[in-house]
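Please read the report below with the sequence and the 3D structure at hand.

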Amino acid sequence: MKIPFNKPFIVGKELYYIAKAVLDGHISGDGPYTKRCHRWLEERLGSPQALLTHSCTAALEMAALLCDIQPGDEVILPSYTFVSTANAFVLRGGIPVFVDIRPDTLNLDEKLIEAAITPRTKAIVPVHYAGVPCEMDAIMEIARRHELLVVEDAAQALLSSYQGRALGSIGHFGCLSFHETKNVISGEGGALLVNDSTFIKRAEIVREKGTNRSQFFRGQVDKYTWVEPGSSYLPSEIIGAFLYAQLENAEQIIAARKKICRLYVERLSFLEEAGRLRLPSVEAGNGHMFYLLLASLEERTRLIEHLKASDILSVFHYVPLHSSPAGIKLGRVSGNMAVTDSVAERLLRLPLYYEMGEAEVDRVVECVASFFEAGTVGTYPKNKG
Ligand SMILES: *Cc1c(COP(=O)(O)O)cnc(C)c1O
């Protein structure tokens, strides 16, 4: 039996809520289920305004519009991230300025941010990799001192927290993803958290094609019209209905994924103790990801093949943005990218999905163990973190 890398799932009333939305006759955006999702996110994450979007990419694009990024404005972000983190700002003419990551959390190294700031810098975009928090106090303090906006890419970070505050609720904006590869899913889907209330009115307008339609529906204006640049970022109520059923069970989903991560750690820690690889800190995250940091690119390539031969799918990411064709052309690097380059070659993600059972975890663990027991592997380099 094949062990997939990821597997979409339903956990409760997803199909019932979709049927209900359809039968109730409201399937365009901002119906009752979408509004329930907004309230859930606002209450649970502590944000004054949540707005569902059709993806985290869309939420990042909204954030770029709301930050009023102009051609030539610079945005500081990690290179070790998904393309959307940079693309959203590039679409407005912004220039991504890539900063290296910390070897422990694989998040933007807050100590390197200030050296990247220039008079053109407009925003900092920390990415909470694997749901592990960036050093938000330090980042917010730098932003305050230099009058910059902070957009948290919290795509992987639902219900993770930093010093008691939910990730995504700390910066001026937070962007969430409900893509089927994330913890809580709706196929495609996302949300923008507008944490600075002064942006709420504009956020609604940008999301509704640049019109004041939301205010019109609330009876706050007597006609609706085009008031500023915007696009259509709201998802269909069918997505909202599916997502609400998932949000109702979010804690249980995350607990199940964390349990799988703990099993992995429990059973693979002997390899870490033997100095063969490094494991992630599971307790700091939200069960989004389980990865191995291996000794070399060559070893990773062979382990992927070894797992594949047993029908187990493992994946790696990211091609660092600073060395991608678009990143070379459109961005620039601040400082060196030593940690990013090294981690990108050595990180391997193991299968992890809501319905994964202990037997599947054991099969993956045994396969990884057999690879190392074959004895043809190197020792984990001490200087690599
Ligand atoms: C998944 C992901 C995104 C994009 O999310 P979509 O909802 O697919 O647009 C952006 N940033 C990070 C860090 C991600 O992991």
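Buried means under 20% relative accessible area, exposed over 50%, and partly exposed in between (1.4 Å probe, protein chains only). Helices (H or I, at least four residues) and strands (E, at least two) are DSSP runs, numbered from the N terminus. This is a predicted model, in which local features need pLDDT of at least 70 and side-chain atom pairs count only at pLDDT 80 or more, while totals for chains, interfaces and linings use all residues. Residues are numbered from 1 along each chain as its sequence is written, and side-chain values use heavy atoms, with hydrogens and water left out.

The buried residues of α8 include E237, G240, F242 and Y244. Among the elements that cover the buried residues of α8 are α1 (14–24), α2 (32–45), β1 (49–53) and α9 (250–273). At the N-terminal end, α8 is capped by S236, which has a side-chain oxygen 2.9 Å from the backbone nitrogen of I238.

Strand β1 also belongs to an open sheet of 8 strands, in the order β1-β9-β8-β5-β4-β2-β3-β11, with mixed pairing. Its edge strands, β1 and β11 (332–333), each pair on one side only. Two strands pair if DSSP finds at least two bridges between them. β1 and β9 (residues 190–194) pair in the antiparallel sense over 5 bridges. L51 has L192 in β9 as its bridge partner. Helix α5 (residues 136–146) packs on the sheet, where α5 touches β4 (121–124) and β5 (149–153). Contact means heavy atoms within 4.5 Å.

Not counting residues up to four places away in sequence, T105 touches Y129 and V132.

The ligand is surrounded by 14 residues, and the closest are T57, D153, Q156, S177 and K182. A residue is near a molecule or strand if one of its heavy atoms lies within 4 Å of it. The table lists polar contacts, which are pairs of N or O atoms within 3.5 Å.

| Residue and atom | Ligand atom | Distance |
|---|---|---|
| C56, backbone N or O atom | oxygen | 2.8 Å |
| T57, polar side-chain atom | oxygen | 2.5 Å |
| D153, polar side-chain atom | nitrogen | 2.8 Å |

The protein covers 92% of the 390 Å² of accessible area that the ligand has on its own. Accessible areas come from the Shrake-Rupley method with a 1.4 Å probe.

How values were computed:
Polar contact = N/O pair within 3.5 Å; in protein donor to acceptor, adjacent residues only side chain to side chain. Axes fitted to C-alpha atoms, helices over the stretch in contact; angles between N-to-C directions.
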